[in-house]
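Please read this briefing alongside the sequence and the model shown below.

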Amino acid sequence: MTCASHPGIRVSEIFGPTIQGEGVLIGLPTVFVRTGGCDYRCSWCDSLHAVDNRFRHNWLTRSTDEVWQKVRELSGGKPVMVSLSGGNPAIQPFGELIGRGHAEGYRFALETQGSVVRDWFGNLDVLVLSPKPPSSDMTTDWAAFEACLEAAHGVQVVLKLVVFDDWDYAYAKDAAARYPQLPVYLQPGNHTPPPADADDAWIDIDGIMKRMEWLVDKVIKDRWFEARVLPQLHVLLWGNKRGV
Ligand SMILES: C[S@@+](CC[C@H](N)C(=O)[O-])C[C@H]1O[C@@H](n2cnc3c(N)ncnc32)[C@H](O)[C@@H]1O
Ligand SMILES: Nc1nc2[nH]cc(C(=O)O)c2c(=O)[nH]1
Ligand code: SF4
Ligand SMILES: [Mg+2]
C-alpha cells in the first residue's frame with residue numbers, strides 16, 4: 001500500500017542475485033533494485049528503459065514492504081548486498097527500506113550521479129558517485145555533488161567515472177583531484193543504442209575492448225597509480241541484456 005505519507009518506490013525492475021559487474025563491489029553477489037525515472041538524460045545511458053518516459057508504463061509504484069518482500073524472496077531470505085540503481089535512485093524514498101534491510105543483515109549500495117541529495121545517504125553501506133563526463137552532454141552541479149558527499153558522512157564513498165575519450169579522461173582526472181580522499185574507478189563506456197538490425201542486448205565488444213586498452217595505457221603512461229580501471233563485467237558476459 002502507498003499513500004501520501006508513504007509515497008512508494010517507482011520500480012523499473014528488481015532482479016538477482018547476480019554479480020555486481022562494476023566498480024568497487026565487482027564480482028559480489030548482489031540483488032538490484034532499479035528505479036524508474038532520472039533527472040539526467042545521458043547521451044549514452046545503457047539503462048534507457050529506466051530513464052526514458054517512453055518506458056514509464058513499465059514502471060510500477062511499490063510500497064517499501066512490497067519491494068522488501070521481493071528482495072527477500074530473490075535472496076531466499078539470506079542477507080546479500082542490495083544495489084539501488086536506476087534511473088536516479090536518489091529520487092525515490094529508500095530510507096525505510098534500508099532500515100528494514102539492515103535489521104535483517106542486508107547491506108545497501110547506491111549508484112547515483114550526485115545531482116540529488118537525501119539525508120538517508122548516511123544510512124547506506126556504500127555510495128557510488130558517478131558524475132557525468134562531457135560525452136554524456138550533461139553538466140555537473142558540483143555543489144549538489146558535494147552535498148551528497150556530506151550527507152554520506154561515515155559511509156564508504158567511491159568515485160566511478162565512465163570514459164569514452166580524451167575529454168572524459170581529463171574530466172575524470174579533474175574529478176579525482178577535487179576529491180583526493182575518494183577511491184577512483186574508471187570504466188570504458190559502452191556505446192548504445194545498438195544498430196537498427198541488432199537485438200536489444202547488442203554491444204560493440206571490439207569498441208569496448210579497444211577503449212579499455214586505451215584507458216589502461218593512458219593511466220599507466222600518466223603514472224596515475226591510484227586509479228583502478230575495470231570493464232563492466234556483466235556487459236562482457238551478457239551484453240546490455242536486462243535483468244542480469
Ligand atoms: C545506469 S546508471 C544508474 C545510476 C545513476 N543514474 C548513475 O548514472 O550513476 C548505473 C551506472 O552505469 C553507468 N553507465 C551508464 N551508461 C553507461 C555506458 N554506456 N557505458 C558505461 N557505463 C555506463 C553509469 O555511469 C553508472 O555508473
Ligand atoms: N550485474 C550488473 N552489475 C551492474 N552494476 C551496475 C549496474 C547498473 O545498471 O546500475 C549493473 C547491472 O545492471 N547489472
Ligand atoms: S544519470 Fe545514470 S540513469 Fe540517468 S541518464 Fe545518466 S547514466 Fe542513465
Ligand atoms: Mg548498467
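Strands β7 and β8 pair in the parallel sense over five bridges, where strands (E, at least two residues) and helices (H or I, at least four) are DSSP runs numbered from the N terminus, and two strands pair if DSSP finds at least two bridges between them. This is a predicted model, in which local features need pLDDT of at least 70 and side-chain atom pairs count only at pLDDT 80 or more, while totals for chains, interfaces and linings use all residues. Residues are numbered from 1 along each chain as its sequence is written, and chains are lettered from A and ligands numbered from 1 in the order in which they are written.

- β8 is mostly covered, five of its five residues being buried; a residue is called buried if 20 or more other C-beta atoms lie within 10 Å of its own, exposed if 12 or fewer do, and partly exposed in between, with C-beta atoms placed from the backbone.
- L186 itself counts as buried because it has 25 C-beta neighbours inside 10 Å.
- When residues up to four places away in sequence are not counted, L186 touches L161, V163, A172, L215, V219, A227 and V229, a contact being two C-beta atoms, placed from the backbone, that lie within 7 Å.
- L186 and A172 are separated by 14 residues in sequence and by 8.0 Å in space, taken from C-alpha to C-alpha.
- Helix α5 (residues 205-221) lies across β7, β8 (184-188) and β9, and runs at about 145° to β8; axes are lines fitted to C-alpha atoms, for helices over the stretch in contact, and angles run from 0 to 180 degrees between N-to-C directions.

**The sheet as a whole**

- Nine strands form an open sheet with mixed pairing, in the order β3-β1-β2-β4-β5-β6-β7-β8-β9.
- β3 and β9 (227-229) stand at the edges, each with a single partner strand, so one side of each is left without a neighbour in the sheet.
- On average, and with direction ignored, neighbouring strands of this sheet are turned by 30° against each other.
- Strand β1 (residues 9-19) pairs with β3 in the antiparallel sense over three bridges, and I9 stands opposite R62 in β3.
- β4 pairs in the parallel sense with β2 over five bridges and, also in the parallel sense, with β5 over four bridges.
- L84 in β4 is the bridge partner of V33, and L110 in β5 is the bridge partner of L84.
- Strand β4 (residues 81-85) is mostly covered, with five of its five residues buried; M81, S83 and S85 point one way and V82 and L84 the other way.

**Surroundings of the ligands**

- Ligand 1 is surrounded by 19 residues, of which the closest are D46, S47, E111, S130 and G189; a residue is near a molecule or strand if its C-beta atom, placed from the backbone, lies within 6 Å of it.
- The elements giving two or more residues to the shell around ligand 1 are β5 (107-112) and β7 (156-163).
- The shell around ligand 1 divides into four nonpolar, twelve polar and three charged residues, where Ala, Val, Leu, Ile, Met, Phe, Trp, Tyr, Cys and Pro count as nonpolar, Asp, Glu, Lys and Arg as charged, and the others, Gly among them, as polar.
- The residues around ligand 2 include T18, F32, S47, E111 and H234, and by class its shell has three nonpolar, six polar and two charged residues.
- Around ligand 3 are residues including C38, C42, C45, V51 and N88, and its shell comprises five nonpolar, five polar and one charged residues.

**Annotated positions**

- In an unreviewed entry, UniProt lists C38, C42 and C45 for "binding site"; UniProt positions are given in the numbering used here, feature names are shortened, and annotations may be inferred rather than shown by experiment.
- C38 lies in the loop between β2 (29-35) and β3 (60-62), and is buried because 23 other C-beta atoms lie within 10 Å.
- Not counting residues up to four places away in sequence, C38 touches V51, G86, G87 and N88.
- C42 is likewise found in the loop between β2 and β3, and counts as buried with 21 C-beta neighbours inside 10 Å.
- Leaving aside neighbours within four places in sequence, C42 is in contact with K132, S136 and M138.
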